[in-house]
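Me: I want to learn how to read a model of this kind. Can you take me through it feature by feature?

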Amino acid sequence: MTIITGILLLVVLMGGCSQTDMMKTLAPSVDQQVATRYIDLLRHHQFDQIETDLDSSLQTPDIHAALVRLAAAFPAQDPVSVKLVGANTFHSPSVDKKNISFEYQFPDRWLLVSVATQGSGGIRKIYGLHVKVLSDSLENINRFTLSGKGVSQYAALALGTIALIFTLYALVVCIRTRIAKRKWLWIIFILVGFGKLSVNWTTGQWGFMPASIQLFSSSAAAQLYGPWIVAVSFPLGALWFLLRRKHLIASAVGDVN
């Protein structure tokens, strides 16, 4: 289990740079500046400009009180660091949406701040503004560690490891088994797992996707600064091949005779 976990960690670390580059592509510096400007206005309780730029759906009687509550999460000190941790964009001929998230580190707390803007007809409005107090940095909160986890996390990791080993075993046996025809179809069938039972490694929350397939019947992946998702699928192809192996060998011998 430790070796497999190490390999999965290495794969994600190797992909970290590309994820960072992709995030910067989705949130170029000019968009980041727009978002941090609104955050600075919120930090300094300068609500007039924010309220002016709010989308009409947020122009409610209690919006000012809501902004005051969001601003109260920020301490008076300047942040120790500000890090881009999330970026999502949506483009269509009529609208352009951007949702950018930053992690603010202060001497006594961490904050996750998201600003969602929408542009249409040359006018950009705020349609979302969120502030969440964190217990630690996202990197530490979502890091992959075996300590302090619950039954759901350990169960998912164990099932994923078993499914992976079982699939690899069936694959090696298939390659070494003499089959009369279409061995490549059996190999493809063995490599694919059906359905997906997943667990959020940080929260322990389960998810199930019945209409899903994945290679090697198991996976572990995480977006940059996001939680690890450990998933396992049913190795139907591997199981079916091992159950049918003797019959396939007999058929191959019969064809030779």
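Reply: Start with the elements. Helices (H or I, at least four residues) and strands (E, at least two) are DSSP runs, numbered from the N terminus. Here the chain has 9 helices and 8 strands. The model is predicted: local features need pLDDT of at least 70, side-chain atom pairs count only at pLDDT 80 or more, and totals for chains, interfaces and linings use all residues. Residues are numbered from 1 along each chain as its sequence is written, and side-chain values use heavy atoms, with hydrogens and water left out.

Me: What share of the 257 residues in the chain is buried?

Reply: Buried means under 20% relative accessible area, exposed over 50%, partly exposed in between (1.4 Å probe, protein chains only). Buried residues make up 40% of the chain. Accessible areas come from the Shrake-Rupley method with a 1.4 Å probe; for residues, only the protein chains shown count as cover. The chain's accessible surface is about 14800 Å², and 62% of that belongs to carbon and sulfur atoms.

Me: How do I read a nonpolar core?

Reply: In soluble globular proteins, nonpolar side chains tend to be buried together. A nonpolar core is a set of buried Ala, Val, Leu, Ile, Met, Phe, Trp, Tyr and Cys residues joined through side-chain atoms within 4.5 Å. The largest one has 27 residues; Leu42, Ile50, Leu67, Phe74, Leu111 and Val131 touch the most other members. Elements giving two or more residues to this core include helix H3 (29-43), helix H5 (63-71) and strand E4 (123-134). H3 gives the most, with 5 residues. A second, separate core of 11 residues includes Leu171, Trp186, Phe241 and Leu248.

Me: Which residues of helix H8 (residues 183-191) are buried?

Reply: An α-helix has 3.6 residues a turn, so residues three or four places apart point the same way. In H8, Trp186, Ile190 and Leu191 are buried. Seen down the axis of H8, these buried residues fall within an arc of 135°, so they line one face of the helix. The arc is that of the directions from the helix axis to the C-beta atoms.

Me: And nonpolar groups on the surface?

Reply: Patches are made of residues with over 30% relative accessible area and no salt bridge: like charges are joined within 9 Å, nonpolar side chains (Val, Leu, Ile, Met, Phe, Trp, Tyr) within 5 Å. A salt bridge is a side-chain nitrogen of Lys or Arg within 4 Å of a carboxyl oxygen of Asp or Glu. Here Phe194, Ile213, Phe234, Leu236, Leu239, Trp240 and Leu243 form a nonpolar surface patch, with about 670 Å² of accessible area together. Helix H9 (residues 236-256) supplies the largest share, 4 residues. Ile213 sits in strand E6 (residues 206-215) and is exposed, at 55% relative accessible area.

Me: How many salt bridges does the structure hold?

Reply: The structure holds 6. Arg124 pairs with Asp96, the closest N and O atoms being 2.7 Å apart. This pair links distant parts of the chain: Arg124 is in strand E4, Asp96 in strand E2, 28 residues apart. Asp96 counts as buried at 17% relative accessibility, while Arg124 counts as partly exposed at 28%. Asp96 also bridges to Lys98, with the closest N and O atoms 3.9 Å apart. Asp108 and Arg109 meet in a salt bridge too (3.2 Å, N to O). Shared partners join Asp31, Asp96, Lys98 and Arg124 into one network.

Me: Where do backbone angles deserve a look?

Reply: Check positive phi at residues other than glycine. Phe216 has a positive phi of about 60°, and Ser217 also has one of about 60°. Ser217 lies in the loop between E6 and E7 and is buried, at 0% relative accessible area. Phe216 counts as partly exposed at 32%.
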